[in-house]
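Me: I've got a new structure open and could use a hand finding my way around. Can we start with how the helices pack?

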Amino acid sequence: MAFIREKDNTNRSDAELVSLYRSGGDLTVLSQLYQRYMDLVYGLCINYLKDAETAKDAVISIYEELVVKLKQHEVSNFKSWLYTLSRNHCLMQLRKEKGIRTVEIADDFMQNSALPHLDEVKAKEEQLNSMEDCLEKLAAEQKTCVTLFYLQGKCYNDITELTGIEWNKVRSYIQNGRRNLKLCMENKLEADS
């Protein structure tokens, strides 16, 4: 893509250039920013579209999309956002050729899904608290063996050496402890529901 590349004379970060473009709409600023990643966009387009001329056309079309879309979206990581935009553009091109109907996924679909992420973190925290409570309810030998095996990554032989418990009993305590832990956690989950 050297045929349309100019020398990058700016020391500004991507974020600074994005902010400048969004505030003023200066296409020179956008051009400087886009040229940093034009080779990557071209490579991506070649990979998807399998034709150099079609890929060159796509690079220009993606720039035209960028003129509008960068003003519409808050972008924290320009490079990854541009990658997603470019990939979606190529996929749309391929689907148009095949006549397949598509649904466009918003560029910031994953980045702005903060609430589900917080719900996942909260659920994991509750699960860990439940596991800690249930671990305390196990018989002493089961608790020791399960803790050493699952939480500290010790093997049966190491546990035998550390605790003095016979190998077969270690195996039994781990299996029974795991089953009892699972049952306790399931019961807590049902009680909370």
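Reply: The crossing of α1 and α2 is left-handed, meaning the near helix is turned anticlockwise from the far one by less than a right angle. Helices here are DSSP runs of H or I with at least four residues, numbered from the N terminus. One caution: this is a predicted model, where local features need pLDDT of at least 70 and side-chain atom pairs count only at pLDDT 80 or more, while totals for chains, interfaces and linings use all residues. Residues are numbered from 1 along each chain as its sequence is written, and side-chain values use heavy atoms, with hydrogens and water left out.

Me: Which residues of α1 and α2 make the contact?
Reply: From α1 there are Asp14, Leu17, Val18, Leu20 and Tyr21, and from α2 Leu27, Val29, Leu30, Gln32, Leu33, Arg36 and Tyr37. Contact means heavy atoms within 4.5 Å. That set divides into nine nonpolar, one polar and two charged.

Me: At what angle do the axes of α1 and α2 cross?
Reply: Roughly 150 degrees, and the axes come within 8 Å. Axes are lines fitted to C-alpha atoms over the stretch in contact, with angles from 0 to 180 degrees between N-to-C directions. So α1 and α2 are roughly antiparallel, a label for angles over 145 degrees.

Me: And how do α1 and α3 cross?
Reply: The axes of α1 and α3 (residues 52–72) come within 9 Å and cross at roughly 90 degrees, so these two are roughly perpendicular (65 to 115 degrees). Val18, Tyr21 and Arg22 in α1 meet Leu66, Val67, Leu70, Lys71 and Gln72 in α3.

Me: Now the other end: what about α7 and α8?
Reply: The axes of α7 (residues 156–163) and α8 come within 9 Å, crossing at roughly 110 degrees. Tyr156, Asn157, Ile159 and Thr160 of α7 touch Trp167, Val170, Arg171 and Ile174 of α8.

Me: Switching topic, how much space lies in the largest pocket?
Reply: About 300 Å³. A pocket is an open set of points on a 1 Å grid over the protein atoms alone, where a 1.4 Å probe fits, with protein on both sides within 12 Å along at least five of seven lines. The volume is the space filled by probe spheres set on the points.

Me: Which residues are closest to its centre?
Reply: Of the twelve lining it (an atom within 4 Å of a point), Glu126, Gln127, Ser130, Leu189 and Asp192 are closest. α5 gives the most to the lining, six residues.

Technical notes. Parallel < 35°, antiparallel > 145°, perpendicular 65-115°, else oblique. Nonpolar A, V, L, I, M, F, W, Y, C, P; charged D, E, K, R; others polar.
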